[in-house]
Amino acid sequence: HELTYIRLVKQQTNAYTTRVRTAYNASSNIAEYPAGNELAEQLKIVARLIKGGLKTPIYVVNHPDSFDTHSNQVDPSDKTKGAHANMLGILSKAVNAFQNDLQALGVADRVVTTTFTEFGRRIKSNNSGGTDHG
């Protein structure tokens with residue numbers, strides 16, 4: 001029974017791989033994505049899969065950095081600079097390119113983009129220039 005199950009999973013995986021490859025190759029990106037942005041690279045693939053007709057209802061991509069920082073999140077002299085601002089900049093640029101691509105590909109009306117984090121944060125900074133879990 002176990003061997004039959006493994007063979008079935010292998011067969012289904014091969015079929016799904018073929019379908020994903022076909023969807024990916026059926027389209028190309030129109031918008032320009034920021035270079036060196038790993039999140040943007042993931043979203044670039046998702047845009048092609050959507051345009052290529054893949055019917056996957058939910059795609060999950062991951063930010064390359066961890067927002068689990070408790071100290072030195074911002075530059076003390078300029079709160080718009082620092083590690084946290086850099087991570088949000090990566091996110092902003094990637095999502096902007098993705099939305100531009102979806103619009104240019106004519107599929108923006110079929111897509112909802114959302115972000116989430118696995119933990120909450122307190123609004124007020126702690127004494128080490130970071131935020132703690134809320």
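Let's start with helix H3, residues 83-105: its 23 residues should span 33 Å at 1.5 Å a residue, and because its end C-alpha atoms are 33 Å apart, the two agree. (The expected span is 1.5 Å times one less than the number of residues; helices are DSSP runs of H or I, at least four residues, numbered from the N terminus, and strands are E runs of at least two.) Keep in mind that this is a predicted model, where local features need pLDDT of at least 70 and side-chain atom pairs count only at pLDDT 80 or more, while totals for chains, interfaces and linings use all residues. Residues are numbered from 1 along each chain as its sequence is written, and side-chain values use heavy atoms, leaving out hydrogens and water.

Which residues of H3 are buried? They are Met 87, Ala 94, Ala 97, Phe 98, Asp 101, Leu 102 and Leu 105, with buried meaning under 20% relative accessible area (1.4 Å probe, protein chains only). Helix H2 (38-51) is part of what covers them.

Now look at the loop between H2 and H3, where you'll find His 63. A polar atom of its side chain lies 2.9 Å from the backbone oxygen of Met 87, and the backbone nitrogen of Asp 65 is 3.0 Å from a polar atom of the His 63 side chain. Leaving aside residues up to four places away in sequence, His 63 touches Leu 39, Met 87, Ile 90 and Leu 91, where contact means heavy atoms within 4.5 Å.

How confident is the predictor? The chain averages a pLDDT of 92, and 99% of the residues score at least 70, on a per-residue confidence scale from 0 to 100.

Notes
Buried means under 20% relative accessible area, exposed over 50%, partly exposed in between (1.4 Å probe, protein chains only). A polar contact is a pair of N or O atoms within 3.5 Å; within protein, one must be able to donate a hydrogen and the other to accept it, and residues adjacent in sequence count only if both atoms are side-chain atoms. pLDDT is the predictor's confidence in each residue, from 0 to 100.
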